[in-house]
Each structure stands twice: as structure tokens, then as C-alpha cells.
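Please walk through the following model from its overall fold to its local backbone features.

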Amino acid sequence: MSVTAARGFRAAGVAAGLKSSGAPDVALVVSDGPLDVAAAVFTSNRVQAAPVQWSRQAVADGRARAVILNSGGANACTGPEGFADSHRTAEHVADALELSAQDVLVCSTGLIGVRLPMDSLLAGADAARAALADTEAAGLEAAQAIMTTDTVHKTAATTLPSGAVVGGMAKGAGMLAPQLATMLVVITTDAVVDAATADAALRGATATTFDRVDSDACMSTNDTVILLASGASGIEVGPEELAEGVREVSATLARALVADAEGASHDVHVVVTSATSEDAALAVAREIARANLVKAAIFGNDPNWGRIVAAAGCVPESVAPFDPARLAVRVNGVQVCRDGGVGEDRSLVDMTPRETLIEVDLGAGDASGDIWTNDLTHDYVEENSAYSS
């Protein structure tokens, strides 16, 4: 189930001609209330797309009723005209739904630097409105309409102990780097919560899920993660219960992003333990996850622990204090490095599974942190060398 798993939500996905392939490219998610609670987290890239600029100001009051999303064009680096296009899109949807434009959030994904064909987009918005439904099929169609280089749609849902539901959909397959990734995510819940609780739950969830996927160290201009709460279940949910539900759905979606990373043949989980702080552990894990030599070795099924410790050593001591002579590394359970030197024979490591686990013990403290990434393949290079063609 997707965004329609929670009560009080309708969705649709249609083909509006934004993609030359004719694939679905416009999605609409609407909350029928009774609540209009909303929260959102956006890219920290200094270059921000017009829909990010619009949605950031629109959701500042903690309210929203609808999200209009398109693939086939990012509407980024398009100047004042691009912002006017996002504003016009919100107004068009708002008029059709009898809402205020400030209650409509806008998301776009695709090629940067090209304005959207507004006639096609607005016609698509009208078609999506006409197709709105609260069915599982409608949620699936919405998830398919936001795909770009994705090979599969990405959805998730969970039922909280109270009986309230959290559902969601995401797109993303490359440029996965914090904060957030090249992702559009809409999460819905029918729980009765206020805006402050929703905001805290979303920020807590993104910090430990979406912010910890790092495919290629490239940050997008359009990253947006939205949480809408309809209150349609009538079930009041406490902050901890909501936070856990949003985190669970976010974790499932984030893991799906890594699994669909462009051209990847391995999903790589980098876990750093015995650090002086969580920030130190994450700094080391991210350095390893971003090291092209490590990623290329994994693609070649080579448990090259020397590249792993070399990457760890690139982190300044002021950021992650540790004694290199105490480093230990395990790859898929085999301790290939012990006390900064040779451990067990690397030929004992089975690199054939899709998932590769790299565990690094810094021997410096009690904190830990982890990052998900993927290997660097020929297909990734080919995919991203011809993205705009």
C-alpha cells in the first residue's frame, strides 16, 4: 500500500506528455481531512528548484491539503519564470479542489535548466484530479508517475499500535546524498496529531533514514519529503508512536532507494562502531561510502580492506579521533583487518550476495553510526553520461 493506505487520502497518477516515452508523469495526492496538518523537509543544496522554494513557504504554517508532483522536468535553475510556473501550478490545483494555493505543495523531478510545458502539466493536473481515488491501485499509479530513472516504484505502509496508519511513496535511484537525496517522498497518516508533532516526527525520521543513504555523494536541487496528516481515523497518537511509524515507513522507502540505485550490483551497509560520538561514526561511515576505490572494489567482488581503512583515515582527527593501530574491519562477517593490520584471509569473504556489510571498529568509544550506499558500476557511468540525451 502507498499514500492511500491511510484513511482520508486520495491519489492519482496520469500521463500528461511531459515524458517523451509517454509514461505517467503527473501525480496528485489529496487529503480530505478533517485535518490539514503538514510538515516537510527539503534539500540543503544552496541551488534550490522553484517547487522547493514554493513549497517551503507554503508549508511554513504547518498546513497543506494537496501535493501535485511531476516527473519529466525539475523546474530548477529556471529563474523567476520557473517560480511563477510553480505558483501557477499550485493555484490551478487549488482552484480545482476549492482550496487556497498556499495549501497546495508542488514537487518536480527531472532534467535541470528546462522550463516545464505548462499547458501539458496543467492538463495533466486536471486529469489527475478527475482520476482521484482512495484505492490501492490509485496509490500505485501515483507512485509510478513520479519515477525518473527508477526501475521500480517505491511504496510502504504500516499500522501503528493504536490502529492509525502511516503510508508513503518515494522516487529516487541516483544522486543519493544528504541532506536527503534526489528524492520526492510523500508520507500520509490518518492519525490525529498537531503540526509540531508531525514536524518533529518527520525530522527525526529523515535524520536516521533518508539522510543516511549516500549513493554517489551528489545532492539534488529538488529533494522534498512531505508528511500529511488527515486525522480521518479519529485516533489521537502520541509523539513517540507517530515518530516510530514515520521512521518505519521512511526506513523502508530509503532502503528501497538504495536497492534501486542506478546500475548498482551491490547494496552496501557501512557500520562504524566504537567511535567517540555518533557524528564521528557517521563521518567515517560516509567517507568509506563515498570512496570510489571502495565502491569499485565491491563491484569487482574484492573485499579490499586496505581501501576501507585508507578511506577511514581521510577523516580529520578533530572530527573522528581514533588510533589507526586499533582499527578492525569485517566484510560480510570476516575480520579481514585486525589492530590496523592483516586479519583473516580475504579469500574467506563471500562477495556474491547482493548485500555487502562493512563493519569498522574504531576502538575509540561507545558510539556508532551507519550509512547505506552501493557499488560503482559500468552501468552507473553509462546511465549518467547520457541522462540529458
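The protein chain has 10 helices and 15 strands, where helices (H or I, at least four residues) and strands (E, at least two) are DSSP runs numbered from the N terminus. This is a predicted model, in which local features need pLDDT of at least 70 and side-chain atom pairs count only at pLDDT 80 or more, while totals for chains, interfaces and linings use all residues. Residues are numbered from 1 along each chain as its sequence is written, and side-chain values use heavy atoms, with hydrogens and water left out.

The pLDDT, the predictor's confidence in each residue from 0 to 100, averages 92 over the protein chain, and 93% of the residues score at least 70. Over residues 175-181, however, the pLDDT is below 50; this stretch has 45 contacts (heavy atoms within 4.5 Å) in the model beyond near neighbours in sequence. Where pLDDT is low, the predicted coordinates should not be read in detail.

The radius of gyration, taken over C-alpha atoms, is 22 Å for the protein chain, which agrees with the value near 21 Å that a compact globule of 389 residues would have; the globule rule is 2.2 Å times the number of residues to the power 0.38. Of the contacts in the protein chain with a separation of 6 or more, 80% are accounted for by residues 24 or more positions apart.

Of the 389 residues, 55% count as buried, that is, under 20% relative accessible area, with exposed meaning over 50% and partly exposed in between (1.4 Å probe, protein chains only). A nonpolar core is a set of buried Ala, Val, Leu, Ile, Met, Phe, Trp, Tyr and Cys residues joined through side-chain atoms within 4.5 Å. The largest such core has 52 residues, and Val-29 is among those with the most contacts inside it. Val-29 touches residues including Val-3, Phe-9, Val-67, Met-169 and Leu-228, not counting residues up to four places away in sequence. A second, separate core of 33 residues includes Phe-322, Val-331, Val-334 and Val-349.

A cis peptide bond, with omega about 20°, joins Gly-33 and Pro-34; Pro-34 lies in the loop between β2 (26-31) and β3 (37-42). Asn-75, in the loop between β4 (66-70) and α2 (79-97), has a positive phi of about 50° although it is not a glycine. Asn-75 is buried, with a relative accessible area of 1%. Ser-274, found in strand β10, also has a positive phi, near 55°, and counts as buried at 18% relative accessibility. Most residues other than glycine have a negative phi, and most peptide bonds are trans.
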